[in-house]
Every structure is written in structure tokens, then in C-alpha cells.
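Hi,

Here is the structure I promised to pass on. My notes on its pockets and its ligand follow below.

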Amino acid sequence: MRLDKLLTDLSVAGSRSQCRDLLKSGRVTVNGAPVKDGAFSVPAGARVALNGQALDTRLTRHVMLHKPAGVLTAAEDRKQKTVMDLLPPVYASLGCMPVGRLDKDTTGILLLTTDGELAHRLIAPARHVDKVYRARVDGTLDQEDAAAFAAGIPLKDFTALPARLEVVAPDTALVTVQEGKYHQVKRMFAARGKQVTALHRLRFGPLTLDEALLPGQYRELNEEETAALYAAAGMTNE
Ligand code: URA
């Protein structure tokens, strides 16, 4: 990759002219030698540094975010705060995107990745990737609700795939679904005459929300988690 593109993608330089100035200053080195030419082709595995500090040049990133309420799951929005605003700008400039969506008021685990194919596969219903939510409702849940979820709830435009509902308190259940259609869990409960008052996603496929993450905090996935995620998508990350 060209050095100027790499520096821009890594959000080290905002604009082309900033990038040119930075390079001219000689503060950027590749494998220890200052490089002033933006067209320089950076060899794979090269150590690129700014002011002597090595840059993290990984172009592929996978992130787990504890989505707080009140933030949109979108790449950008002119008016409202999005999940991308919770991450340093380097993630957006590397093309990191949310894997599926959580509603503005839904909290919990949201994955973001630069790998579009991975994201696409993880949300395809055919892959049967489980998503587990804790839902609180404004009524009392019972075994009839669980049976209806297991049978597949007919909605206006489609019938939801069979889902697991485990009642953990009179007004609270753990729900496991394999689809992620718009407002799906809320609509499934509404079809049972119950409104969801709080929705929190605990698990996405093989990954459980890291309890150390407070709402609004994120971390990158470790190697084991990344491999498990690719396996859930039927891919390898070799
Ligand atoms: N189902 C919903 O209704 N909302 C979400 O945010 C996620 C699943």
C-alpha cells in the first residue's frame, strides 16, 4: 500500500496536504529510515513510525462495543450521535462497520468489523447465528409465550423463525433469535400483547458481552474471539 494512503487510512493525517507536510517534515520512518515520498510502497510487515513511535498498521480490526442507550447504530448521521462516535476515528477511516443493528434504545453487545464479508455472513439468517437478549416487558410472561416463540411468531410481513424464550422473572426473559429483522424482538413480544420496556443484548454468536466494558466502552477482539467469530460465519481468518 502507498505510504500516503496508509497514513490517511490510519487517521494519522487528515487531508492529503497534511499528509504531504507530515512526510516532508521527515518525521515518518519506514523500517527506521525517513520516507518523504507519499507514493512509497510500504512492504508487508514493515515498521512504520511517527516521531519514532511505531504505528499500529493493522488494516483489519474487530471490535466489541457495549452500546449504550441513546446512540444510533449507523456509520454516520448528520444530527444524532452514532456508535462510530464512540470509537477513535481510525476505525471509521479503516472502514469499520457495525454488524447488524441495535435500536437506539437497545443496549449491549455490538460488534464492528472492517471485514464486510464477515459482517454480511454473521447477519444472514441462513447462518443461524444466535443472538441472546434480555427483555423486560410491561406484562407477565408465561409458558404460553415460550411456546409461541418456539413455534415461530407470525408478524405482519413474515413469520419469525422459532426462537427460545426463557422466563427468568415474571416480567423478564432471555430470548434467543437467529434473525435480526427491524424491531424483531419488540415485534415478537408485541404480537403476544406485551411491550418491551428494556432490551439488552448479552451475546452475539460465540461472543458474550465483556462485563468489564461499561456502556459506551469498547475493546478489540482477541485472537481466540476473532477465530470463533470467523468460524461462526463459516470462514477462516488465516
Ligand atoms: N430486536 C429489537 O426489537 N430491537 C433490537 O435492537 C434488536 C433486536
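**Pockets and ligand**

The largest pocket holds about 350 Å³ of space. A pocket here is an open set of points on a 1 Å grid over the protein atoms alone, where a 1.4 Å probe fits, with protein on both sides within 12 Å along at least five of seven lines; lining residues have an atom within 4 Å of a point. Points are joined across faces, edges and corners, and the volume is the space filled by probe spheres set on them.

Before going on: this is a predicted model, so local features need pLDDT of at least 70 and side-chain atom pairs pLDDT 80 or more, while totals for chains, interfaces and linings use all residues. Residues are numbered from 1 along each chain as its sequence is written, and side-chain values use heavy atoms, without hydrogens or water.

Back to the largest pocket: 22 residues line it, and Arg101, Leu102, Tyr133, Gly180 and Lys181 lie nearest its centre. Strand E8 (131–137), helix H6 (184–191) and strand E11 (196–204) are the elements giving two or more residues to this lining. Helices (H or I, at least four residues) and strands (E, at least two) are DSSP runs, numbered from the N terminus. Domain 2 (62–124 + 207–232) and domain 3 (130–204) both contribute to the lining, so the largest pocket lies between them; the domain bounds come from an automatic or database assignment.

- a ligand oxygen lies 3.4 Å from a polar backbone atom of Gln184;
- a ligand nitrogen lies 3.1 Å from one of Val185;
- a ligand oxygen lies 3.0 Å from one of Lys186.

On its own the ligand exposes 240 Å², and the protein buries 96% of that (Shrake-Rupley method, 1.4 Å probe).

The second largest pocket has a volume of about 240 Å³. Helix H1 (3–9) and helix H2 (16–24) each supply at least two of its lining residues, with H2 giving the largest share, 5 residues. Among the residues lining this pocket are Arg2, Asp4, Lys5, Arg16 and Lys36.

Best wishes

How values were computed:
A polar contact is a pair of N or O atoms within 3.5 Å; within protein, one must be able to donate a hydrogen and the other to accept it, and residues adjacent in sequence count only if both atoms are side-chain atoms.
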